[in-house]
Amino acid sequence: MSDREQDSGGFRDGTRKSLKRQASMSRKYQRRIVITGMGVVTPLGDDIDTMFKALLEGRSGVGPIRNFDASTFPTNFAAEVHGFQLSSWIKDCSRWEHSGINSKFAAAAAKQALANSGLIEGMNSGKVDRNRFGVYLGSGEGIHDFHNLMWETANSYDPSTRKFDYAKFCKGGRESFHVGSEADQELHTTAMHLAAYFGLNGPNFNCLTACAASSQAIGEAMDLIRIGDCDMVLAGGSHSMIHPLGVTGFNLLTALSTNKANPQGASRPFDKERDGFVLGEGAGMLVLEELEHAKKRGANILAELTGYFSTADAFRVTDSHPEGRGAIACIDGALKDAGVTPSQIGYVNAHGTSTQVNDRVESLAVKHVFGEAAKHVPVSSIKSMMGHLIAAAGAVELITCVEAMRTGWLPPTINYEHPDPECDLDYIPNKARQSKALHCLSNSFGFGGQNTSLVVSAFTG
Amino acid sequence: MVNDSRRGVVTGLGVLSSIGSDLDTFWQGLLAGKSGIKRIGLFDPSELPCQIAGEMTDFDAKNFLEKKDRKQLRVMARTIQLAVACAQSAITNSKVEKSAINLTRFGVIFGAGMVAMELPETADAAAVCQMPERGKIDLKLWGTKGLEVIQPLWMLRYLPNMLACQVSILHDAQGPNNTITQDDVAGLLALGEALRIMRRDHADLLMVGGAESRVNPLSMTRQSLFLPLSTHNADPSKALRPFDSARTGLVLGEGSGILLVEEIGHAKKRGAEIYAEVNGFGAAFNGTDQADAIERSIRIAMAQAGVSVDDVDHVNASGMGTDKEDRFEARGIAAAFKGSKDPIEVTTIKAHVGHLGGSSATVELASVALSLRHGVVPATLNYNSPDASCPVRVISGSPRPLRKPFVVKTSFTSAGQCAAAVLRRHDV
């Protein structure tokens, strides 16, 4: 508490203000938030049990890219979702007919989460107030119609003079672009579809903070309930960047692993030989609910969401702050928000992207905040198995934390072979571990410097 | 920590728009009934059904930034340049001294949409890989020759979170940072989130903003397919007619609006000029009847502010200028103010500047803050013939004085995402 008092004053001479704030800090939140439903679509399975079993077995979901012909790209592999059909989750999925895959993944995961929560019946019978049920997603941007867009671009361009004929492009684009799929690329449509289909008539948000998006969505959703704007929020995210422009963008930034010789060994967080991340795709959705609301309807409470904090590095668009200032403040803030000490954290689900910089800075930040406790806390990155789900990563990782607490098993970091002196934590190398965690920390750090940490705790009444 | 004593006030404003790129010109333009809607000049729009927009003719971000910050502009699309230029204006306007504040409690919450690609940047790659059959690109060539002729940092120019990121980097804002993507209502949702962040005591000062340029050939081509855009090209300044029975559809535009939202004690301590107080916020959804969600948003925001229907001077509406949306909005507002002594009055500045996507709500919020500061309400432009199915009284003709201390701001998307905020005149 004294640390907090020192670093929280808006003004350096604000002693009285700090004392006042300290007094307010000691009040407990009146409204507690629990998780009462979860759903996923991932490269390791499109239900939670299948996914979690694969994680404990240490299976890799990485393979050659099938979404498009990536054979000549510097990176030609990714962790894809295969055989996905929205109709196996939602019988009449006509409203998603022209939607991109982000929106479809979101719908399937949302359906699982809502079914799991047992709220659908209550909504249908009018016992659950739809107006108090919000949506807060961190779902990825729409995917451009690559072939038509680039063909019309080329057709409107003269490389010899470098002149671009915009009128010709407008005419060509209007002929070849599909109305429905263009409309559905807009960034507010995924959250709209979920709210409209399931009848969730409370506040409706979507945020994009790159790789932190769905974690930030869950954190802000938690705050919507804490403050009393909602009693329930469907929160999470969905994303696929395994498309020509996505892989192009990341390859140009040299952020992806190019380990073509060993795709399943390419994502190797915290290993000294890591050379970049591997793209994944999918969705994770959770139903967050105010505790008394959940108790009153006899809900099955899966876990309690206890802490959230977000910060910005405000450093560079391409690199994390080398001393991890944003990450440190973020982890520290989330632990304080939850009211737990580092030694109470039984598992850290790392952002662990398998890039040189992220894994080094994240290890540094954990050590800085945890101090002595860093030596004992198990840390793992499931991106070693399912790749990086970008905007959707944080939601799936938080769900993994909940399953770890429920089963008493922690998923490993696979492909961990060569220790890196700068990454010297216990990364649960290669084999799942039986260990009882009561509080878990899940980190997400976005490209561009947005950091989010969440703390989830076993529900103990 | 939910702490209701931590109230938010607006202590700085920045606006870039087609009627003015500084606060005074913008405000005078609103009062004078100036329209920024004109024939598109940034590219040849002759093949589009809608050839007009609220375009900023002479925008150059270099004029806003300090020399040391200008080289970053090359990794920013026009939308992101609008954001950083406007942020600089807002910071200057607020007179915040960054050395005197705790930068870890300085946040940035933005509204943003799809950042439109500049087509020439991938044109060389596309040309190399174009196949004879229409709509076919040779991906094998793209993976090799195509990638070679695209700039390495290409993707960073278009990520929606880059507006807030670049702003946080330029101003060393290390507090909460988020980007909300609900189109017309994004900036208002950002304001609501900023208030929550302040109440939970994670920040003292936040830049709440939005920026978007839709005056881009790809954006305009795509949106011409699915938005009800006006084709009233012959008389651009008369095309966008919110709540008017002779309305002709939506007109897009470009711009940025940024509000410095600050905890009241923090603001007073540094002697900040206070434009307005932000007293309440509400949000709701209805996929089929937006009027219901607009009504609920207003009711929630007013309850939070502790305001009755007779305390409100007027509603600053979204005013899309399309049949369906205007009727929903007017019905929602009328329902929320049922029982007021006088019929509620409504104004909108859409007809001055156009629909600015992710920056609509914050540019409109800036006009609300200016109304409260100066005690004058701008009139709705192009409102000549009332539409009987819009049951509200529209402020038109010329500006009128502010008579009551509260203004309600509404914004929504045609998809059903709605929000409202209550702002109050700050009496010194």
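Begin by selecting A:His239, which stands opposite A:Gly282 in strand E9 of chain A. Strands here are DSSP runs of type E with at least two residues, helices are runs of type H or I with at least four, and both are numbered from the N terminus. The model is a predicted one, in which local features need pLDDT of at least 70 and side-chain atom pairs count only at pLDDT 80 or more, while totals for chains, interfaces and linings use all residues. Residues are numbered from 1 along each chain as its sequence is written, and chains are lettered from A and ligands numbered from 1 in the order in which they are written.

**Strand E9 of chain A**

Next, select residues 232–240 of chain A, which form strand E8. Nine bridges join E8(A) to E9(A), and the two run antiparallel; strands count as paired if DSSP finds at least two bridges between them. Strand E1 (residues 33–41) of chain A also pairs with E9(A) in the antiparallel sense, over eight bridges. Within that pairing, A:Val40 has A:Gly284 as its bridge partner.

Now select E9(A) itself, residues 281–290. Ten of its ten residues are buried, so the strand is largely enclosed by the rest of the structure. A residue is buried if 20 or more other C-beta atoms lie within 10 Å of its own, exposed if 12 or fewer, and partly exposed in between, with C-beta atoms placed from the backbone. In a regular strand the side chains alternate between the two faces of the sheet. Both faces of E9(A) are covered: one side includes A:Met285 and A:Val287, and the other includes A:Leu286 and A:Leu288.

**Helix H9 of chain A**

Select residues 189–198 of chain A to display helix H9, in which nine of the ten residues are buried. Among the buried residues are A:Met192, A:His193 and A:Phe198. Just after H9(A), A:Gly199 takes a positive phi of about 70 degrees.

**Where the chains meet**

Move to A:Thr72, found in the loop between strand E2 (62–64) and strand E3 (77–79) of chain A. A:Thr72 counts as partly exposed because it has 16 C-beta neighbours inside 10 Å. Leaving aside neighbours within four places in sequence, A:Thr72 is in contact with B:Lys140, B:Gly143 and B:Thr144; contact requires C-beta atoms, placed from the backbone, to lie within 7 Å.

Display both chains: the contact takes 81 residues from chain A and 85 residues from chain B. On the chain A side, helix H7 (residues 166–176) gives the largest share, eight residues.

**Chain B**

Eleven strands of chain B form an open sheet with mixed pairing, in the order E5-E4-E6-E7-E1-E8-E15-E14-E9-E10-E12. Strands E5 (177–180) and E12 (393–394) stand at the edges with a single partner strand each, so one side of each is left without a neighbour in the sheet. Inside this sheet, select E9(B) (residues 312–316) and E14(B) (residues 406–412), which run parallel and are joined by four bridges. B:Val315 stands opposite B:Val408 in E14(B).

Finally, select helix H6 (residues 186–199) and helix H12 (residues 360–374) of chain B. At what angle do their axes cross? The axes come within 5 Å and cross at roughly 70 degrees; they are lines fitted to C-alpha atoms, for helices over the stretch in contact, and angles run from 0 to 180 degrees between N-to-C directions. H6(B) and H12(B) are therefore roughly perpendicular to each other, the term for angles of 65 to 115 degrees. Residues of H6(B) including B:Leu188 and B:Leu191 meet residues of H12(B) including B:Ala361 and B:Leu365.

Key:
Two residues are in contact if their C-beta atoms, placed from the backbone, lie within 7 Å. Angles under 35 degrees count as roughly parallel, over 145 as roughly antiparallel, 65 to 115 as roughly perpendicular and the rest as oblique.
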